[in-house]
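Dear colleague,

I am passing on to you the structure that follows, together with an account of what was found in it. Please read the notes alongside the coordinates.

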Amino acid sequence: MSVRILGGSAKGRALKVPASARPSGARLRKSLFDLLASRAPSGTFLDLHGGSGAVGLEAASRGYQVTLIEKNAGAVRALEENARLLGLPVRILRGDALGLLPRLGQFDVVFSDPPYVQDIPRLTATLLASGVVAPGGLLVCQHPDKTQLPEVPGYEREERVYGSNTLTLYLREGAARDNIGPA
């Protein structure tokens, strides 16, 4: 499977994709970064399920300060190699995303696309309640189009459907983004 960075300093460069990864397609990634260009064009970015790095490394290529979390040791090695080959400064943490949340601090953009079957509405509620999204920040959840995510007080919700995938965006109310970074 060939996955390429779509924009920024590493535009056009290929990623090595680990067997365990299920990368977001180019159309969806392009749409995601088009949406971010008007809502959160810079700042800190957390990819909770690093996988191939298609989203997190794309964010780094576009100038975000990126932290990627990944459980799978082979995928972590691939992420580290891809970041090194592309010359992208990212922080890669191995472990369970929810387990690491309490020590991560706040981010301007948090991206969640779990690679395994789980209760995505419950995961979303946990993320929104955790404080990982900075005031004025954005949580972006990629999920199957048949999964509905709820309205949540304190967040403005927007939904975009791309074939069988949906991006649900939660904009946290509060002060304008101030490039609050990881703790």
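**Notes on the structure**

At 60% relative accessibility, Ser 38 counts as exposed, where exposed means over 50% relative accessible area, buried under 20% and partly exposed in between, with a 1.4 Å probe and protein chains only. Ser 38 is part of helix H1, and its C-alpha atom is 17 Å from that of Phe 107, a residue 69 positions away in sequence.

Before going further, please bear in mind that this is a predicted model, in which local features need pLDDT of at least 70 and side-chain atom pairs count only at pLDDT 80 or more, while totals for chains, interfaces and linings use all residues. Residues are numbered from 1 along each chain as its sequence is written, and side-chain values use heavy atoms, with hydrogens and water left out.

**The protein as a whole**

The protein contains 5 helices and 9 strands, both being DSSP runs numbered from the N terminus, with helices (H or I) of at least four residues and strands (E) of at least two. Read from the N terminus, the order of these elements is β-β-α-β-α-β-α-β-α-β-α-β-β-β. The C-alpha trace spans about 40 × 35 × 30 Å along its principal axes. The radius of gyration of the protein is 15 Å, which agrees with the value near 16 Å that a compact globule of 183 residues would have; this radius is taken over C-alpha atoms, and the globule rule is 2.2 Å times the number of residues to the power 0.38. Of the 183 residues, 49% count as buried. Among contacts with a separation of 6 or more, 66% are between residues 24 or more positions apart, a contact meaning heavy atoms within 4.5 Å.

Thr 124 is buried, since its relative accessible area is 2%, whereas Pro 121 is partly exposed at 29%. Leaving aside neighbours within four places in sequence, Thr 124 is in contact with Leu 139, Cys 141, Leu 149 and Tyr 170, and Pro 121, on the same terms, with Thr 147, Gln 148 and Leu 149. The C-alpha atom of Pro 121 is separated by 7.3 Å from that of Pro 150, 29 residues apart along the chain.

**A residue in strand S7**

Val 140 sits in strand S7, residues 133-144, and counts as buried at 1% relative accessibility. Beyond its neighbours within four places in sequence, Val 140 is in contact with several residues, including Leu 32 and Leu 36, Val 110 and Phe 111, and Leu 167. From Val 140 to Ala 129 the distance is 14 Å, C-alpha to C-alpha, with the two 11 residues apart in sequence.

With kind regards
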